[in-house]
Amino acid sequence: MDQRDEQPAEFVNRILAVQPRLRAYIRMAVFNPSDVGDIVQEVVTTSWEHYARYDPSRPFDAWVMGIARNRVHEYRRDQSRRASPLTMDVLHLIESEADDLEHTTAQIEDALESCLSKLPAEDYQLVRTRYERSDSNRAASKLLGKSESTISRALNRIYARLLICIKQYQRGPEVQP
Amino acid sequence: MSDTPDPSRRVPAELLSLCGKLRDQAITDAEAQRLSALLKASSEARRFFRAFMALASALENRGVYEEALDTERDEDQGIAVLFDLLLAERQAVVRLRVEASNEDQPGPCESGESSLSRGEVAGALRYLLVKWVRSAPARWAAAAAVVALVLTLSVVFMGGNRGELAQRRGPVDPSPAPLPTPAVAALTAEFGAVWERRPGQDLYAGQRFTLNAGMAEVTTASGAVLLLEAPATIELLRNDNAIRLHAGKLVGVCETQRSEGFVVHTPHMNIKDLGTRFGVDATAQATTRVHVFEGRVEAATPRHAGNSVHRQQLSSGMALAAGAGTGFKPVTFDPNRFVIDARLEAYRPDFAGTRVSWLGQLVGGLEQDQREADTLQVFIERRGTTLEQPVPVDFNADQPWDPQAPLGQHAVQAGVRVDVYLLHFDLVEGFEDPQQLVLDFGRPILGVIVSQDTLDATDAVLGAPGVGYPSFPRLPGLYGGGHRGLNYIPAEAEGDLVQPEYTNDLATISPSGTRLQLRLWGGHGEPWSKMDQVRVLVRSGRDDTDGPP
């Protein structure tokens, strides 16, 4: 197999490796979750179209994140206020400090499944219903027979538990969330 | 480097609530202004915000898989669905059914036996994506051919059909039964195993098991085979091509394409397979060691706040240790610390020292440089084979090796039941001094083959089925075993062919008839010696026969 034949497989492996961080970065800056997937796909498409220009001596993830940054800025410009209700200066500030995102997403990848399995059964069921059986709090509220605000508050509590568990997971995986 | 927020510092309820409202697209202008102010004022708040949204992203991504299953797709959506499925990397055991275009002709997998592991599905989808990337110069919609392929795949969740799936998803289910959880690995063999809490055959993400005694073999959905040696504690991860070894020893064998890149997470380092067999020893609390028997691995220190990640690649015959918060330290390679294949332990010859590796069943290939290592690698090629015809050997216990006599003149007779071993010596660095090695097979040695000609002549009947053996041109004259075998250069032939420090290889059978004594010279540069191989025929004393171990 020549080098050209290997390029797509190499690209796919690399892009899949950077995907959690890429998605998290875009999610931070984009208000509408349904737009996140579209932007991820556009970034992947653009990365592949320009893959021949990628300098392998540089980190691939930094290259892709640069493309993502540009795409997010375009999106914000096009969507104006609808892109995110946060002010631009705050978004820039969050973005400028986002070097920790790789570490954070890696921690989440490592620990999420374990932390989910340690949630109380009712919370675990709520997470699965909200994220695997529905695409919004409204849809989940119909499935569970609870109000949207009840689900939102429960999710906040669960998020806090999960973040604590994820943090403690690296210290010792025995900790209950 | 910072990381997820420190739980010891209480997250203000207001920040949590506002982040939740942003996540749920329910935030008002006033609340957005308040959230902006909080984030602007505090780096800790911004760090929490990033972690909160990264968690939202990860959870939302889990849902992509199910959403894709339930979406009525058209061609424009097809490739997006494919990509979503791949990106989701959702752990699910699914069944793939290829829908035949003609419903009267069932697709090739359309049966109750069509269950595929999540790893196989991911592999198939990955293949399709690679194919798409290769063929698509521009946009998603351009990949019509691949979209058509995607649309032929009916992904049916846990054996139901789409109708059943829709029914299951449709009505409100206030106390739904837990969705089936996908297995990420299976318990495939046990050898005197005593568990703290015995696992079932299927192993799931998040499960943690302690093996108190004996050994157990776990095979991941990606095809990595892990042999655990008690006492050991493992944890299954969502990624089916990784495992966490909290304590104990394991040997990893990663010979499938999908298992390349398999990662063993340990308290002190993460070990990534690069196509190999390796051992990880996390029995000591303070350090973890990795020993590479074959191929290469990459070791990396774990990501901890404030620490940079150290990475180092190791090739066969190398070993490395890492402790808490410390970098790497080279340690002596010692394959004898590990049981490589418990099923073949009965065949393992006794040997001492660190210059011999017992690798069990020979699989793959033995071409030059394919299995380089600074150890003598010992494989078993055949077990319990009854010879159908006499096979030539170069010497036996009664007729010692005479390098200057014609080789291949002795024979092991037809009807004898033998186990066949191959000793393989293909150096990476070379040795300054000749290596003295003794292997005790515990059973009578019936014949030994040390020359290229006799090795070539017996590969077909004594070699492991399916293995690629090296093929070198024959060497004229006196130079012993040729490129493959042992070399003995008579004193009168010394001259411009022989380096001054050259020492002849030697092989003798002990008076007991069960031990093979070797002296191998590991110098490089001789035009006649690419590698050293020795084939040993031992009287079989077991009921096992050839076949999968």
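Which residue in β15(B) is the bridge partner of Thr287(B)? In this predicted model, the partner of Thr287(B) is Gly323(B). The bridge belongs to the pairing of strand β12 (residues 287-294) of chain B with β15(B), an antiparallel arrangement joined by 5 bridges. On β15(B) there is also a pairing with strand β16 (residues 328-330) of chain B, again antiparallel, through 3 bridges.

Burial of β15(B) was examined next. Of the 5 residues of β15(B), 5 are buried, and the strand is mostly covered. The cover extends to both faces: Ala319(B), Ala321(B) and Gly323(B) are buried on one side, and Leu320(B) and Ala322(B) are buried on the other. The loop between β14 (311-315) and β15 (319-323) of chain B contains Ser316(B). With a relative accessibility of 6%, Ser316(B) counts as buried, since the cut-off for that class is under 20% relative accessible area. Apart from residues up to four places away in sequence, Ser316(B) touches Val292(B), Phe293(B), Glu294(B), Gly295(B), Glu372(B), Ala373(B) and Asp374(B).

A further part of chain B holds an open sheet of 3 strands in the order β22-β25-β24, with antiparallel pairing. The edges are taken by β22 (435-440) and β24 (506-509) of chain B; each has a single partner strand, so one side of each is left without a neighbour in the sheet. From one strand to the next, the twist averages 15 degrees. The antiparallel pairing of β22(B) with strand β25 (residues 515-520) of chain B comprises 6 bridges. In this pairing, Gln436(B) is placed opposite Arg519(B) of β25(B).

Among the helices of chain B, α1 (residues 13-23) contains the buried residues Leu15(B), Leu16(B), Leu18(B), Cys19(B), Gly20(B), Leu22(B) and Arg23(B). After α1(B) comes Gln25(B), with a positive phi near 55 degrees. Helix α3 (residues 43-69) of chain B includes Arg50(B). The relative accessible area of Arg50(B) is 3%, and this residue is therefore classed as buried. A contact to chain A is made by the side chain of Arg50(B), which reaches the backbone oxygen of Ile94(A) at 3.1 Å. When residues up to four places away in sequence are not counted, Arg50(B) touches Met28(A), Ile94(A), Glu97(A), Ala98(A), Asp100(A) and Leu101(A).

In chain A, the axes of helix α7 (residues 137-144) and helix α8 (residues 148-169) come within 9 Å and cross at roughly 105 degrees. The two helices, α7(A) and α8(A), are therefore roughly perpendicular to each other, because angles of 65 to 115 degrees fall in that class. On the α7(A) side, the contact involves Asn137(A), Arg138(A), Ala140(A), Ser141(A) and Leu144(A), which meet Glu148(A), Ile151(A), Ser152(A) and Leu155(A) of α8(A). By type, the residues of this contact between α7(A) and α8(A) divide into 4 nonpolar, 3 polar and 2 charged.

Key: Residues numbered from 1 in each chain as written. Chains lettered and ligands numbered in written order. Predicted model: local features only at pLDDT ≥ 70, side-chain atom pairs only at ≥ 80, totals over all residues. Heavy atoms only, no water. Pairing = 2+ DSSP bridges. Helix = DSSP H or I, 4+ residues; strand = E, 2+ residues; numbered from the N terminus. Axes fitted to C-alpha atoms, helices over the stretch in contact; angles between N-to-C directions. Parallel < 35°, antiparallel > 145°, perpendicular 65-115°, else oblique. Contact = heavy atoms within 4.5 Å. Nonpolar A, V, L, I, M, F, W, Y, C, P; charged D, E, K, R; others polar. Buried < 20%, exposed > 50% of the residue type's maximum accessible area, 1.4 Å probe, protein only. Polar contact = N/O pair within 3.5 Å; in protein donor to acceptor, adjacent residues only side chain to side chain.
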